[in-house]
Amino acid sequence: MVTLPASGAYLRAIRESARKARASQHVRIDEDAIRALLLSPAFTTTFTRLSKNHGLALPLRFSSPLAELNFLSVLALLNFASGYRTPLHAETGRGAWDNIRALAFALHIESAGDAGELLSAEGMRSIGDGKVAELLRVNVHLERAHETIPGVTVGELGGPLYELVRLITKTLNETGERLIEMGYPDLGTLVVEALKAGGKARKEDDPDAEVDKVLEQIVRAIPGFQDMYDLDGEPVYCFKKALFLIHSVVVRFGSLDPPPFPVPDTSNLPIFSDNVIPSMLVHLGIIDLSTSALQHLFPNARSKEAITALLAAPSESKPQPTTEPPEGPSVTAREGYVLRAAAIDACEVTVKIARKLQVPKDLEWINQLTLPDLDAWLWAGAKDRVDYRRLPRFMERNTVFF
């Protein structure tokens, strides 16, 4: 049974547990590959554009900053479903993130109508599978032949998208129940309280103190943010969705003067490790699985020819909506956490190398590389080029964490 980190040590626990997990599973980081990426045309010609692409442009109106924060909080809570990308794309023509964002939009729009406030604690606690499937616009029925009547088919609940709907419903119900138990009308109100507690914990000599407090209060309160695993008796902490939520506060409110809530400094947050970023780091040669038990997952990765092509400047052609990654390797929860931990550690190493790298004057911005910007470049870059989009990414079903 994994326990949460000690109070005041959440960020340190993420970094240290990731490093230990990677090392214990014999996953290596190739520092030469890191330097090659940082100086490559693939990175230098696209970084400014892609590092600010967070997928948080919201074509919605909100009644107040708190209502917008509540929306962002629920969006972060539901930011999973990567293991269902293929059936989602077949059903809706969109990938996992775009479907989850569309679901959040639908929850917001429905809340302004006769359905009641679906984004409130009570609305989340009481929503059912049918409503989630309706708003997600997916079919959760499978057809099969009738056992005794020839030529007759019957529909029954089942299939991967029904499994996803059940995960979403359970996450919403569980979160709503927890919020009501704690006396919060919605998730945004809890997050505001965490941001205020973080502001009080701010220390001049400890730049992590404020954001660490915010992270702790969110993760401790809501099971859907408790992204952790027991790896042979040692904890692995990722907390991807909670980190994403905190950074989204900065992206959406940090430029306001004054901001409506305390806004922490997230420039040193660990990456928001999902399935895309670890897979990209394997394909770029930075994560080396060749001496680990995971070497079978990406058998065609790390060839010199493939990496050279990926580091070249992108072509002018843009990926079409139908250019979807092939079905990637399916992983267990254990394998998924090892890969995600390796990505957290590899990005920490990448930023350290970037800060000390000797670069031409026109590339001095590399020396100020931050972890959230590196995260954004890897995540957005995976969708930006035809050849990157065709790279397989690992998938894990039945998880609510990525």
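**Figure 1. Asn398 in the segment after helix 18.** In this predicted model, Asn398 is exposed, with a relative accessibility of 54%. Asn398 follows helix 18 (386-389). Its phi is positive, about 65 degrees, although Asn398 is not a glycine. Most residues other than glycine have a negative phi.

**Figure 2. Ala81 in the loop between helix 5 and helix 6.** Helix 5 covers 65-77 and helix 6 covers 85-92, with Ala81 in the loop between them. Ala81 is not a glycine, yet has a positive phi of about 90 degrees. Ala81 counts as buried because its relative accessibility is 1%, under the 20% cut-off.

**Figure 3. The cis peptide bond from Asp257 to Pro258.** Omega for this bond is near 0 degrees. Pro258 belongs to the loop that runs between helix 13 (240-253) and helix 14 (276-283). Most peptide bonds are trans.

**Figure 4. The hairpin of strand 4 and strand 5.** Strand 4 (residues 228-231) pairs with strand 5 (residues 234-237) through four bridges, in the antiparallel sense. One of the residues shown, Asp230, has Pro235 in strand 5 as its bridge partner. Two residues lie between the strands, and Asp232 in the turn has a positive phi of about 55 degrees.

**Figure 5. Leu215 in the largest nonpolar core.** The core has 139 residues, and Leu215 is listed with Ile168, Ile218 and Phe225 as having the most contacts inside it. Helix 16 contributes the most to this core, namely 13 residues. Apart from residues up to four places away in sequence, Leu215 touches Tyr10, Leu11 and Ile14, as well as Phe239, Ala242, Leu243 and Ile246.

**Figure 6. Asp345 in helix 16.** Helix 16 spans residues 333-356 and includes Asp345. Asp345 is buried because its relative accessible area is 7%, under the 20% cut-off. Contacts of Asp345 beyond four places in sequence are with Ala18, Arg19, Arg22 and Ile29.

**Figure 7. Glu335 in helix 16.** Glu335 is also placed in helix 16. Glu335 is buried and has no salt bridge. The nearest side chain of opposite charge is that of Arg334, 7.4 Å away; Glu335 forms no salt bridge with Arg334 because the cut-off is 4 Å. With neighbours within four places in sequence left aside, Glu335 is in contact with Leu294, His296 and Ser330.

Terms used:
Residues numbered from 1 in each chain as written. Predicted model: local features only at pLDDT ≥ 70, side-chain atom pairs only at ≥ 80, totals over all residues. Heavy atoms only, no water. Buried < 20%, exposed > 50% of the residue type's maximum accessible area, 1.4 Å probe, protein only. Contact = heavy atoms within 4.5 Å. Core = buried A, V, L, I, M, F, W, Y, C linked by side-chain atoms within 4.5 Å. Pairing = 2+ DSSP bridges. Lys, Arg positive; Asp, Glu negative; His and termini not counted.
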